[in-house]
Amino acid sequence: MGKVSIIIPVYNVEKYLPKCLDSLVNQTLKDIEIILVNDGSPDNSQKIIDDYVKKYPKIVKSYIKENGGQGSARNYGLEKATGEYIGYVDSDDYVELDMYEKLYNKAKKEDLDIAICENYVVYEDNDKKLTEKTIHVLEDEVKNAFFGKMAVWNKIYKKSLVDNLKFRSKLWYEDLDFSVKVLSNAKKIGYVDEPLYDYLLREGSTMNNDNVKRNLEILQAFDELK
């Protein structure tokens, strides 16, 4: 069993994928596996993945499946993961080179179910990079987790905590109900108070779009939570 398995769904991201993968294969934490799930991507993403598998065969693993959405790809990746902790990265983002070492060391030192970090927001049009402050604003860790960033990418999870949890497939905002479920099951949560994840704000992303019909899927997430 390795220390951290990092799961990355891949779909139409050939422009961004190399930067994402460079930030992962060069992590200061060496005992990791990088699980790339090609979710039926029609572009040249698989060629990029194949190049990284060839160059880093011990840590980069490639899987291809029919398109089922980001949640489906994350579920598939978890089935293949062998790490003690699980991390998720969106393939158009990237991470600081010491992200997983800092999160893992924090988690091991304090026997955490979930370790959480801050993140940067990176603007694609001008590379402007701002810290998004989301933690240590309330009086305890659990409240900070519930009222902070509900994404899955700024965290690592003890694998035993998420083994039986699934993301919703073919729907947007799949992070929301997954995060509430996993946070509700966690016994101990801790923080690394540094921005270690670089979230790319780009046109057409789930959080930056004008697709009214797809945005209404957040209501289904709330229904699932109820």
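**Entry 1: S179**

I started with S179, which sits in helix α7, residues 174-185. I am working from a predicted model. Is S179 buried or exposed? I find S179 buried, with a relative accessible area of 1%. I then listed its contacts, leaving out residues up to four places away in sequence. S179 touches M150, A151 and V152.

**Entry 2: G83**

Next I looked up G83. G83 lies in the loop between α3 (70-80) and β4. Its relative accessibility is 2%, so G83 counts as buried, the cut-off being under 20%. What does G83 touch, not counting residues up to four places away in sequence? I noted M1, G2, K3, V4, S5, E33 and K159. I also checked a C-alpha distance. G83 and I6 are 77 residues apart along the chain, and their C-alpha atoms are separated by 8.5 Å.

**Entry 3: D90**

I moved to another loop residue. D90 is in the loop between β4 (85-88) and β5. D90 has a relative accessible area of 12%, so I count D90 as buried, again by the under 20% cut-off. Which side chain makes a polar contact with that of D90? I find R74, at 3.0 Å. Beyond four places in sequence, D90 is in contact with I8, C20, Q70, R74, W153 and Y197.

**Entry 4: helix α4**

I checked the length of α4, residues 99-110. At 1.5 Å a residue, its twelve residues should span 16 Å. The end C-alpha atoms are 17 Å apart, which agrees. Which residues of α4 are buried? I list M99, Y100, L103, Y104 and A107. Seen down the axis of α4, the buried residues fall within an arc of 105 degrees, so they line one face of the helix. The general rule I keep in mind is that an α-helix has 3.6 residues a turn, so residues three or four places apart point the same way. Just after α4, I noted that D111 takes a positive phi of about 50 degrees.

**Entry 5: the cores**

Last, I looked at the nonpolar cores. The largest has 42 residues, and V4, L24, I34, V89, Y100 and I156 touch the most other members. Which elements give two or more residues to this core? They are β1 (4-10), α1 (17-25), β2 (32-39), α2 (45-55), β5 (94-95), α4, β6 (114-123) and β9 (189-201). Apart from this core lies another, of 25 residues, among them V37, V162, L176 and A186.

I returned to Y100 for its contacts. Not counting residues up to four places away in sequence, Y100 touches V4, I6, L24, Q27, L29, G87, Y88, V89, V95 and I156.

Note on methods
Residues are numbered from 1 along each chain as its sequence is written. This is a predicted model: local features need pLDDT of at least 70, side-chain atom pairs count only at pLDDT 80 or more; totals for chains, interfaces and linings use all residues. Side-chain values use heavy atoms; hydrogens and water are left out. Helices (H or I, at least four residues) and strands (E, at least two) are DSSP runs, numbered from the N terminus. The expected span of a helix is 1.5 Å times one less than its number of residues. Buried means under 20% relative accessible area, exposed over 50%, partly exposed in between (1.4 Å probe, protein chains only). The arc is that of the directions from the helix axis to the C-beta atoms. A nonpolar core is a set of buried Ala, Val, Leu, Ile, Met, Phe, Trp, Tyr and Cys residues joined through side-chain atoms within 4.5 Å. Contact means heavy atoms within 4.5 Å. A polar contact is a pair of N or O atoms within 3.5 Å; within protein, one must be able to donate a hydrogen and the other to accept it, and residues adjacent in sequence count only if both atoms are side-chain atoms.
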